[in-house]
Amino acid sequence: MMTRYASYFIAALLPLLLFRWFAPAAIGEIDFWLLWLLAMVLVSLPVVYAEIALAYRSVDAPFAGMQKLTREADASPLWRSFGWLAALVSIVIAALVISGASTGIVSALTDLNSAPDVPSFAIAAGLMVIAILLSLLGVTPLPIGLGLMLVGLVLGVANGLPNINFAMTGISLGEWARAVALALVSVGAGTGLYWFGQHLSTKQVVTAVDVNNINAQKPARTRANQEYRASKLVLPIWIVQLLVGIVALFISGMALPPIGQLVYWLGVLFVASYLLHYSVQQLAHKFGLLASLVITFVVALVLVIAIPTIWLVGILVIISSIAVLLLSIFAGWQMKISHLRKSLNFGNEAFYNLWRIAIRLVVPVALLLALIGWVIQWIS
C-alpha cells in the first residue's frame, strides 16, 4: 500500500522540505508567486508528464529505464547520464535537508538549554549515519516522516501564523530563476522520484498478479498496463504539489517552538532516508547493492560535512536544471512520437500537441533563462 502511494507522499513532502531555501526573503512578493505559478504550469507539469510517460514506456527504474529507452530510440548513450544526475540530485537534497536539520536541532536544544558541546558538522554526520540506516527500510519512513513534520508544523501554528504583507515588486530574471528553481526542485521534477515511484507501483501489480496466475506473465503485464496510464497519474500528483506549495508559502516564515522544531527535523530525517534509498536503488543497477550503499553514504557524508549549506543550494540548482534539460530534450526530440503518445494516452490529441510543444521548446528556453538569471545573481 505504501509503495503504491510513494509518489503522493513525495509530492506532499518536497515543498515542505525545500521551500525555505528558495522562497524570497519577503514572503509577500505577489509577482514572485505569480511567476512560481507560471513555472508550475509551463515547466513542472510538462516535465512530470514526461517523467511518468518514460516510466510507463520503460517499465523499469530511471537508471535501467534510460538504457532501454536510448536503445529503443537509437539515441546516444549520453542521454543515460540522466540516471546518474537523478541519483546525485537526490543525494544533494538529502545532504541539504540534513544540514538544515543539524542546524535546527542545535537551535532547538540551545533554547531548551540542552545543546551538546560538539561541532555542528559532527551532528550532521551523525544524522547522516542514522539516515543511511533508515534507508534500508525503503518506503516505510515516508509516511512516518510526513506525520512527524505535520505534528511539528501544527505545534508552530498553535503559536500563531506569521503576518504577511503582500505587495508587488519589480520582476527580474533573477526572480524568474528562483521561481523556476522552486517549481522544479520543490516538486522533484527531473529527479526521477516519480518515475521510480511508478516503477515500484507497477512492479507490485505485476508481482501480485503473477502470484495468482502461475506462468501467466502476459496477463500480468496486461493488467499492469491497464492500471498504469501516465495522463491519469500526473494531475493528482501535480495538484498535491500545488496545494502543499501554497500551504508552504503561508507557513515558510513561521517560527516553531523548540519541541516543534525537534519533531519537525526528526521527520525530515526520515524523509531524507528515502531519498538515499532511491539513490542506492538506482546505483545498484551498476554497482550492486552493497557498493551502492557505501557510495551513496560517502558522497552524502562529504557533502554534508565539507560543503556549506548555501553552496549545496547552488549545486542543487545547477545539477537539477541540467537533469531536467536532458530529460526534456530526450523526451521531446529523441523519443519516437508514437511511443510517447501511447504512453501518455491523452483523451484529446490537442492536449498531446500542447504537451509536445511545451517539452520541446518552452521547458528548455525557460530553464536556460533561469540559469542565466542564477549566474547574474551569483556574479552580483
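This is a predicted model: local features need pLDDT of at least 70, side-chain atom pairs count only at pLDDT 80 or more; totals for chains, interfaces and linings use all residues.
Is G65 buried or exposed, and what is its relative accessible area? G65 is buried, with a relative accessible area of 0%, where buried stands for under 20% relative accessible area, exposed for over 50%, and partly exposed for what lies in between, computed with a 1.4 Å probe and with protein chains only. Residues are numbered from 1 along each chain as its sequence is written, and side-chain values use heavy atoms, with hydrogens and water left out.

Let me begin with the chain as a whole. The protein chain has 15 helices and 0 strands; helices here are DSSP runs of H or I with at least four residues, strands are runs of E with at least two, and both are numbered from the N terminus. The C-alpha atoms fill a box of roughly 65 × 50 × 35 Å along the principal axes. For 380 residues, a compact globule would have a radius of gyration near 21 Å, and the protein chain, at 21 Å, agrees with that; the radius is taken over C-alpha atoms, and the globule rule is 2.2 Å times the number of residues to the power 0.38. Of the 380 residues, 55% count as buried. If we take contacts, meaning heavy atoms within 4.5 Å, between residues at least 6 apart in sequence, 86% of them join residues at least 24 apart. The chain exposes about 16100 Å², of which carbon and sulfur atoms supply 68%, the areas coming from the Shrake-Rupley method with a 1.4 Å probe, with only the protein chains shown counting as cover for residues.

Now back to G65, which lies in helix α3. Leaving aside neighbours within four places in sequence, G65 is in contact with S58, D60 and W195. The C-alpha atoms of G65 and H199 are separated by 9.6 Å, although these residues are 134 apart along the chain. T70 is also placed in helix α3, and T70 is buried as well, with a relative accessible area of 1%. Beyond residues up to four places away in sequence, T70 touches A75, S76, W79, R80 and F330.

The next topic is salt bridges, defined as a side-chain nitrogen of Lys or Arg within 4 Å of a carboxyl oxygen of Asp or Glu; by this rule the count comes to 3. In one of them, the side chains of R57 and E72 meet at 3.1 Å, N to O. Because R57 lies in helix α2 (residues 30-58) and E72 in helix α3 (residues 62-72), this pair ties together parts that are 15 residues apart in sequence. Both ends are partly exposed, R57 at 25% relative accessible area and E72 at 31%. K68 forms a salt bridge with D60, with the closest N and O atoms 3.2 Å apart; here K68 counts as partly exposed at 35%, whereas D60 is buried at 19%. R341 and E349 meet in a salt bridge at 3.0 Å, N to O, with R341 partly exposed at 33% and E349 partly exposed at 40%.

Helix α5 deserves a moment too. At 1.5 Å a residue, its 15 residues (120-134) should span 21 Å, and the end C-alpha atoms are 21 Å apart, which agrees; the expected span is 1.5 Å times one less than the number of residues. The buried residues of α5 are I123, A124, A125, L127, M128, A131, I132 and L134, and they pack against α4 (81-111), α6 (141-158), α11 (258-287) and α12 (289-306).

Finally, the surface. L38, V41, L42, W333, I357, L361 and V362 form a nonpolar patch with about 590 Å² of accessible area together, and the elements that give two or more residues to this patch are α2 and α15 (349-379). Patches are made of residues with over 30% relative accessible area and no salt bridge, like charges being joined within 9 Å and nonpolar side chains (Val, Leu, Ile, Met, Phe, Trp, Tyr) within 5 Å. W333 is found in helix α13 (residues 309-334) and counts as partly exposed at 46% relative accessibility.
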